[in-house]
Amino acid sequence: MSKRITAPRIQGPMEIAPASAPLSDILGRIPDSGYIRQVTLIGRRAVKAAGAKPAKAAVPGIVPFSSATLWRKVKAGQFPRPVKLSDRITAWRAQDVAAWLQSLSA
């Protein structure tokens, strides 16, 4: 008999920076220097864990779009290009993301 595999349950709406949030509040969540990973940019919904595994907490996003839209914007040149930090780690320069957000408000 095969084991049944179930997908994790997603709880609640994803917390993102609302469009009406002041730019200073959004920029306050971006470090002055360093790198930002994708999960920090787009956020993550809370995931209820199965069994003994701990649940993953919700992470609010900085930008209000999905992973697919993020990469589509990168490819089109509408969002800063990421930096490859290692074989499995890609991140965006914090300064580039902050500059992009400021350019939207100009």
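Colleague: In what order do the elements of the protein run from the N terminus on?
Modeller: The order is β-α-β-α-β-α-β-β-α. That makes four helices and five strands. Bear in mind that this is a predicted model.

Colleague: What makes three of the strands an open sheet, and in what order do they stand?
Modeller: The order is 2-5-4, with antiparallel pairing. Strand 2 and strand 4 (83-84) are at the edges, each with a single partner strand, so one side of each has no neighbour in the sheet.

Colleague: How do you know that strand 4 and strand 5 pair?
Modeller: Pairing needs at least two bridges between the strands. Strand 4 and strand 5 (residues 90-93) have two bridges, in the antiparallel sense. Therefore they count as paired. Within this region, Val83 stands opposite Ala91 of strand 5.

Colleague: Why is Trp100 called buried?
Modeller: Buried means under 20% relative accessible area. Trp100 has 13%, so the residue is buried. Its place is in helix 4.

Colleague: What does Trp100 touch, leaving out residues up to four places away in sequence?
Modeller: Val63, Phe65, Gln78, Phe79 and Pro80. The cut-off for a contact is heavy atoms within 4.5 Å. Pro80 is 20 residues away along the chain, yet the C-alpha atoms of Trp100 and Pro80 are separated by 7.3 Å.

Colleague: Which residues touch the most other members of the largest nonpolar core?
Modeller: Ile30, Leu41, Val63, Phe79, Val97 and Leu101, out of 18 residues in that core. Helix 1 (23-27), helix 2 (38-42), helix 3 (67-76) and helix 4 (94-105) each supply at least two core residues. Helix 4 gives the most, with five.

Colleague: What is Phe79 in contact with, its neighbours within four places in sequence aside?
Modeller: Leu41, Val63, Phe65, Leu70, Lys73, Val74, Trp92, Val97 and Trp100.

Colleague: What makes Arg93 and Asp96 a salt bridge?
Modeller: The limit is 4 Å between a side-chain nitrogen of Lys or Arg and a carboxyl oxygen of Asp or Glu. Here the closest N and O atoms are 3.7 Å apart, so the pair qualifies. The structure holds one salt bridge.

Colleague: Why do Tyr35, Leu85 and Ile89 count as a nonpolar patch?
Modeller: Members need over 30% relative accessible area and no salt bridge, and nonpolar side chains are joined within 5 Å. Tyr35 is at 44% relative accessibility, so Tyr35 clears the area cut-off. Together, Tyr35, Leu85 and Ile89 have about 260 Å² of accessible area on the surface. Tyr35 belongs to strand 2 (residues 35-37).

Colleague: How much of the protein counts as buried?
Modeller: 25% of its 106 residues. The protein exposes about 7,700 Å², with 55% of that supplied by carbon and sulfur atoms.

Colleague: Among contacts between residues at least 6 apart in sequence, what share joins residues at least 24 apart?
Modeller: The share is 55%.

Methods:
Residues numbered from 1 in each chain as written. Predicted model: local features only at pLDDT ≥ 70, side-chain atom pairs only at ≥ 80, totals over all residues. Heavy atoms only, no water. Patch = residues over 30% accessible without salt bridge, like charges linked within 9 Å, V, L, I, M, F, W, Y side chains within 5 Å. Areas by Shrake-Rupley, 256 points an atom, 1.4 Å probe, with all protein chains shown as cover. Buried < 20%, exposed > 50% of the residue type's maximum accessible area, 1.4 Å probe, protein only. Core = buried A, V, L, I, M, F, W, Y, C linked by side-chain atoms within 4.5 Å.
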